[in-house]
Amino acid sequence: MKSRLLFAFAAILWLAVVTGFYYLTHKPFTLEIARSLSLAAWRIAIAGAILSVAGGLGRRILPQPGKAPLFWLSAHAALGLGILGTGILLTGLTFGFNRWFFGILLVALIILLYRDIVNWWVLWRDFPKLWHLGGRLGRIIGLGCILLLGFPLLTALAPPFMFDALVYHLTLPKVYLSAGRIDYQPWLIFWGMPQMIEMLFTWAISLGGIETASILNWGIGVLTLVGLVSWTASRISPRAGWVAAASLLSGFSLVISLGWGYVEWLMMLFGLVTLILLDMWSTGNERKFLLLTGLCTGFAIGTKYTAGVLAICGMGVIFWHFRRVWQNGAIEILWFVFPIFLAVIPWLIKNYLFTDNPFYPLLFPAGAMNEVRLEIYQNQLVFGDWRDAVFLPWQATMFGVHGGDGYSISMGPLLLGFSALGWVGWQKRQKMAKRTLAVAAIFTIIGIVFWAISGRLTFYAIQTRMHMAIFPAIAILSGAGFEGLEWIKLPGVRFGRLAAVVLLLVFGFNLLEVSEYSLRQDALQHLLGLSKPEEYLNGNLGMTNLAFKAINELPEDARVLTLWEPRSLYCTPRCIPDEIVDRWLADRAEYGTSDAILASWRAAGYTHVMVYHTGVNFYWDDPLYQIEDWQTLTDLLASLPVQTDLNQIYTLYALAP
């Protein structure tokens, strides 16, 4: 026996020695690849730790998982993220913070919530069951979801370059960390918008760098999808659950936005949890669910104002539930509205303390938003015409193009196609499924009406991403619509098979489009250390990144005013952006002549001005501009020495008199 053990040990040692010496001379990867992969692993670990702490905190508040445990993964995380984001806001406004604070906070919460975090992770054990119950179609969709999720993760692991992330979603966290607290930033009016996701991004960036924020957003998206599949499966059917996820992920923009430092997936997470908690409340009238629903709704509003539609949806569900005794509904609405108020009020107080306008930069002039700027921002021509209100779902689906005018998002055909059929087979459904679909229908109808009306009132409200809090409700109806088609029986025709073919065809097309888009970004090469961050940004931002570089090469005390360029993440604090592209019109209205405008810039401490000529060309025919505005600009620039000319796309001028 001893001789066998000795032989086995010697054999293993021999293999280890041979393998080790082989790779001393045949290195499988370079130091750059090892460094890049290690950094990516660290950033994923930080984002995962923040989500785990949020999940553990949410479980501490609402410990009973009940049915559909994978949904409770999402519900616990949503509650925890909302509480943590609000806590970071209050801390930043009072005591301040730094990287040490965030590191200690993360470790302390992991220790304090250790058991809750472990129990939260244990809920994942239900996933194989959900995978199996979905049948062959469900497993195909699940595999497709995994593949689709992989591509935006590659994007998230690379330096961010999407527009709004560079304007404010990631710029504000960078500024807060540099200042060590949350102070008023008059140069960026988006400081006044709700910033739930920016608070969480600040935490992630402090420990893992700017890319960690995008990874955190990706994790939030995964939790949203898991919760959607789980709850739809428990209330309708497992196959319907997977179809609901496929309907969301058939939209090109919805998939790739998982890799951005944006807010829409957190909105959808709060929207999903709000819907399901209301559904649970309608089953047993437990007020704890109503209170938590209001809290999640408030957290959603703290993420983006347009998520306030969830409050209207919630009141609609309550009145529907008490439609025979409406007085009771009025009482329950108070229980629903009070936690909304508690969750939203910190953001309004922050704005009021610094600008005297709780809704800054909206509604009325305050702070850096004077009358001229407010007029420009709030009174732009709305997109489209009456058809974009009456036929909104069709218009948004068919004419919503990624990066295009108006809706600006490609949402795929399945949400519209299947959700419109959610009523099919209504009589065959169980009472629980009918209740869930009724709640989802109320959310969808109210949400679309709100979208249609607001889209005719303001330019920005027509954008699809402003209303994505209701998309989980539409996805649930989509899952039901697919299942309803399977119940239609005609001789020789299997509608379920036809629906499955359409679904897989659309899903396959989107997988092809997303993979091609991701590979063109060279995100995989960056992950493997084959391209440096600067090269990656040059490839994806082009001349814009060279403009940032030109600004950063100026002396540290330089202050550069950028015109027609709202992005500033990579040149802060040297650059002051034209965040809503109104600086020239506002200065023209206030100072008039080119000499007076120049004098005001110099008095404000600007040493240079950079003009984005592509932006100038874009706005050349805009009705807000008059020929005198352009002539004054020409005269002003002609009087300034050119310091750097970037192929007539960007020009950097010196302002020294």
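Two strands are taken to pair if DSSP finds at least two bridges between them. The exercises below concern a predicted model.

**Exercise 1.** Determine in which sense strands E6 and E7 pair, and over how many bridges.

*Solution.* Take strand E6 as residues 642-646 and strand E7 as residues 650-654. These strands pair in the antiparallel sense over four bridges. Within this pairing, Asp 645 stands opposite Thr 651 in E7. Next, consider the connection: E6 and E7 form a hairpin with three residues between them. In that turn, Asn 647 has a positive phi of about 55 degrees.

**Exercise 2.** Identify the pairings of strand E5 with E3 and with E7, and state how E5 is enclosed.

*Solution.* Strand E3 (residues 560-563) pairs with E5 in the parallel sense over four bridges, and Leu 563 stands opposite Val 611 in E5. The pairing of E5 with E7 is antiparallel, over five bridges; here Tyr 612 stands opposite Tyr 650 in E7. Now inspect the side chains: His 608, Met 610 and Tyr 612 point one way from E5, Val 609 and Val 611 the other way, and all are buried. Because five of the five residues of E5 (residues 608-612) are buried, this strand is largely enclosed by the rest of the structure.

**Exercise 3.** Locate the buried and exposed residues of helix H4.

*Solution.* Phe 102, Leu 106 and Leu 109 are buried in H4. They cover an arc of only 75 degrees around the axis, which puts them on the same side of H4. The face turned away from this buried side carries the exposed residues Trp 100, Ile 104, Ile 111 and Leu 112.

Definitions and conventions:
Residues are numbered from 1 along each chain as its sequence is written. This is a predicted model: local features need pLDDT of at least 70, side-chain atom pairs count only at pLDDT 80 or more; totals for chains, interfaces and linings use all residues. Side-chain values use heavy atoms; hydrogens and water are left out. Buried means under 20% relative accessible area, exposed over 50%, partly exposed in between (1.4 Å probe, protein chains only). Helices (H or I, at least four residues) and strands (E, at least two) are DSSP runs, numbered from the N terminus. The arc is that of the directions from the helix axis to the C-beta atoms.
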